[in-house]
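Good morning, and thank you for coming. I would like to take you through one protein chain, a few places at a time.

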Amino acid sequence: AEGGDFDVAFKVSNPPADNGAVTAELADPNAAEWVTGLTVNEEKSTVEFHVEPSKTPEQRTAEVTVSCAGAEDASFTIVQEPGVPDPFTFTLKDKSFKSVTFDLIPEDKDMYYFTAFTTQSYLDAYGLTTDEALYQDDIDYYGSEFGNYLGQGDQTDITYDAGIIPATDYVAYVYGVDPDSYERLTDIVYLKVTTDQVELVDVDFSIDVVKDGAGFTFSVDPGTYDGYWNALCVETASLDPEVSLFDMVSSEWNNTAAYYMSYGYAPEVILEQLCLKGAYESLSFQNIKPETAYTVIVFAVNSDAFASSEPAVVEVTTGAVSASDNEIEVSVDRVSGSTAMLHIATSNDDPYGFTIFDAASVEGMSDD
């Protein structure tokens, strides 16, 4: 019942002149769910295969047909003894790019249990690779409130659709718990699922950039596309050549959209607040640095607020900062215990900024 790696020996008597190869295949393709890696090792004259551990209470069998040119087929049968069912059974009911639905059925209907749904990347980032580590992480996170999150009995059509990200690996997991001591009573049972990719649309974005000294503005014309779109600006040097621009954009934007959705923002609100529709001119980005290469990336966003097109890109390198000949004079009067009047006089209309520091914090500093 515990499964493992196995092999069955064979011998070819009176082999054909062309030394025909021996092949092996499962008579019932459905058996491939628990009999895997079926291969013929000609050097050792064995048929090799792997059997998954049994979690079913019934004996199961799989017939293997062995063939060689010019001979009648031979066969053998793999018989696996009944196994011990998992304490819980997950059944995936449905998945899309924006939701996952499954059933959770415990063997012991009276047992209390804890279940959660998270991303595989979360488990990887925090090294939660064992049952013990994951259980301890839950205990540390929920603390004395852990008991408030325990369930009991069958749960059907459990649906996660808030903050779900397309093309992302998710993990649902469950384990039995003593409701008084919070001791873990069973192994952790997992369901792993990857959400679907968003259906992409073809958009012919036209992007024009106008450099303006150390900054730039840009215009976007989406052509015949009448949906929402967004734009990102990244330093070109920061782009990973091993990661496609679509994957980078999808990851950054979809995580942003999912964050707002997890707090109850509807997709239409996210689109209205964070995206644009139609042609726009004289757009700009904040915190642009001089003499730096940037890549402007424009992409479509669907009605569910997810990135939905291959991105259009344009590269631009900002110019140097031009020195101003503005002469600035500062004076202060009407100084009291808690106030002072600040006067700033300039020789031209160039923009300027000012701020106020505790004098001791900047003592001895140069202008640079």
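This is a predicted model: local features need pLDDT of at least 70, side-chain atom pairs count only at pLDDT 80 or more; totals for chains, interfaces and linings use all residues.

Let us begin with Ser99, which is buried, with a relative accessible area of 14%. Here, buried means under 20% relative accessible area, exposed means over 50%, and partly exposed lies in between, with a 1.4 Å probe and protein chains only. Residues are numbered from 1 along each chain as its sequence is written, and side-chain values use heavy atoms, with hydrogens and water left out.

Ser99 sits in the loop between strand S7 (88-95) and strand S8 (100-106). Helices (H or I, at least four residues) and strands (E, at least two) are DSSP runs, numbered from the N terminus. Which residues does Ser99 contact, leaving aside neighbours within four places in sequence? They are Asp94, Tyr160, Asp161 and Ile164, where contact means heavy atoms within 4.5 Å.

**Helix H2**

Please turn next to helix H2, residues 131-142, which has 12 residues. From its first C-alpha to its last, H2 reaches 17 Å, close to the 16 Å expected at 1.5 Å a residue; the expected span is 1.5 Å times one less than the number of residues. The buried residues of H2 are Asp131, Leu134, Tyr135, Asp137, Asp138 and Ile139. Their cover includes strand S9 (112-119), helix H1 (120-125), strand S12 (169-176) and strand S13 (189-194). After H2 comes Gly143, with a positive phi near 55°.

Most residues other than glycine have a negative phi. Tyr182, although not a glycine, has a positive phi of about 65°. Tyr182 belongs to the loop between S12 and S13, and at 22% relative accessibility it counts as partly exposed. Glu291 also has a positive phi, near 50°, and is a residue other than glycine. This residue, Glu291, is found in the loop between strand S18 (280-283) and strand S19 (293-301). Is Glu291 buried or exposed? Glu291 is exposed, because its relative accessible area is 62%.

**Leu274 and the cysteines**

Leu274 is in helix H4, residues 267-274, and is partly exposed at 34% relative accessibility. Leu274 and Trp229 are 45 residues apart in sequence, yet 9.2 Å apart in space, C-alpha to C-alpha. Not counting residues up to four places away in sequence, Leu274 touches Asn230, Trp253 and Tyr260.

How many disulfides does the structure hold? The number is 0, a disulfide being a pair of cysteine sulfur atoms within 2.5 Å. The sulfur of Cys233 is 17 Å from the closest cysteine sulfur, that of Cys275, and is therefore too far for a bond. Cys275 itself counts as buried, at 7% relative accessibility.

**A nonpolar patch**

Finally, Ile328, Val330, Val332, Val335, Leu342, Tyr352, Phe354 and Ile356 make a nonpolar surface patch of about 830 Å². Patches are made of residues with over 30% relative accessible area and no salt bridge; like charges are joined within 9 Å, and nonpolar side chains (Val, Leu, Ile, Met, Phe, Trp, Tyr) within 5 Å. A salt bridge is a side-chain nitrogen of Lys or Arg within 4 Å of a carboxyl oxygen of Asp or Glu. Strand S21 (residues 328-333) contributes the largest share of this patch, 3 residues. Val335 lies in the loop between S21 and strand S22 (341-346), and is exposed at 61% relative accessible area.

Conventions:
Accessible areas come from the Shrake-Rupley method with a 1.4 Å probe; for residues, only the protein chains shown count as cover.
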